[in-house]
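Student: Could we go through this model term by term, setting each value against the definition behind it?

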Amino acid sequence: MAYNNKSVLFCMICFISTGWILAKEEQCSEAGIFPGSSKREFIVCTPSGPDGKQLIRTKQTCPINTVYENRRCVPKVIVPYSAATNGDSAVATADANKGNGDKGGDDIKMTCKTHGLLCTTCKELSICIGDEIGQGDIVYNEIHMMTCKADEVCVPGKGCVSSKDNFCPYRKFECSDMGIYPDPYDCTRYYRCDPTSKKDVKTTPSKCSDGSFNSTSASCGYPMDTTSCLTTPIPICKAIFQMGPVPDNLSIYYICIPDDETRTLAPVLYRCPANKKFDISTLTCT
Ligand SMILES: *[C@@H]1O[C@H](CO)[C@@H](O)[C@H](O)[C@H]1NC(C)=O
Ligand SMILES: *[C@@H]1O[C@H](CO)[C@@H](O)[C@H](O)[C@H]1NC(C)=O
């Protein structure tokens, strides 16, 4: 065993430095969503732990035939017009006007579902009070409390607070991948995200004509007492880059992405590659 001391030392240094470089690359320095090593991949650094101070690094993959671009999974190639306009099986009527307006949360209006304080919009704070209407049935009435000041946003659990260091959790939905997605806030609405002829994804909002939307079957007509309707179809964003599955369809997941301009922090929905489901323990599609 005649090892040369110098080469042993050299190799220890090379191992240590390789390990250090790898470790450095595998760690998150800030919460965020970043391009990955291939065109379909992206890296999400999501907060975790009791105080949300640790960061977990996960690698996500856009579905086949799409590429990751600017926080979205867009078609890899320009889609011919006929394919771009192909329909799907969802039953509902398109609600053409809902898609207009600005990007902020102003056109999102939350309604009372339980008692307590509620930010009905990014600017309005109300209190919801339950009224028993016999047989244990309760209706919740909304009493408007205040309009937030110009430099404030309404944040659940906090009320009207400075928009400088807080985000409002409501923002108009925009497609980030193809498929059919539930509205994050309203169980009777959903969105169709179709590829367009411009290597882009088009958002078409729809409202169920009857009952609630079911993300698993991607159709309407379901009861109004589902968990999605009693709470919200997607959990309300609390932390920047928080992520998780859509409870009703584990092949879709959300990432809470902030928008500095509108001071909103809203779920952006992605789908897992075919036949994969979002796994809560690893925070990836497996
Ligand atoms: C879940 O959502 C995806 C994406 O919209 C859809 O393709 C799929 O059919 C849905 N249902 C299940 C069971 O995955
Ligand atoms: C949604 O649809 C699936 C598939 O049809 C069904 O198994 C499930 O029970 C539905 N969910 C609700 C809450 O009705």
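**Terms and values in a predicted model**

Tutor: This is a predicted model, in which local features need pLDDT of at least 70 and side-chain atom pairs count only at pLDDT 80 or more, while totals for chains, interfaces and linings use all residues. Residues are numbered from 1 along each chain as its sequence is written, and chains are lettered from A and ligands numbered from 1 in the order in which they are written.

Student: What makes strand 7 and strand 8 a pair?

Tutor: Strands are DSSP runs (E, at least two residues), numbered from the N terminus, and two of them pair if DSSP finds at least two bridges between them. Strand 7 (residues 116-119) and strand 8 (residues 124-132) have four bridges in the antiparallel sense, and therefore count as a pair. Leu-118, for instance, stands opposite Ser-126 in strand 8, and four residues lie between the two strands of this hairpin.

Student: How many bridges join strand 8 to strand 9?

Tutor: Nine bridges join strand 8 to strand 9 (residues 138-147), the two running antiparallel, and Asp-131 has Val-139 in strand 9 as its bridge partner. These strands form a hairpin with five residues between them, and Gly-134 in the turn has a positive phi of about 80 degrees.

Student: Why is Ile-143 called exposed?

Tutor: A residue is buried if 20 or more other C-beta atoms lie within 10 Å of its own, exposed if 12 or fewer, and partly exposed in between, with C-beta atoms placed from the backbone. Ile-143 has 9 other C-beta atoms within 10 Å, so it is exposed. This residue lies in strand 9, and, not counting residues up to four places away in sequence, it touches Ser-126, Ile-127 and Ile-129 (in contact means C-beta atoms, placed from the backbone, within 7 Å).

Student: Which residues have the most contacts inside the largest nonpolar core?

Tutor: A nonpolar core is a set of buried Ala, Val, Leu, Ile, Met, Phe, Trp, Tyr and Cys residues joined through C-beta atoms within 7 Å. The largest has 56 residues, and those with the most contacts inside it are Cys-154, Tyr-253, Tyr-254, Ile-255 and Cys-256. Strand 18 (residues 249-259) gives the most to this core, with six residues.

How values were computed. Contact = placed C-beta atoms within 7 Å.
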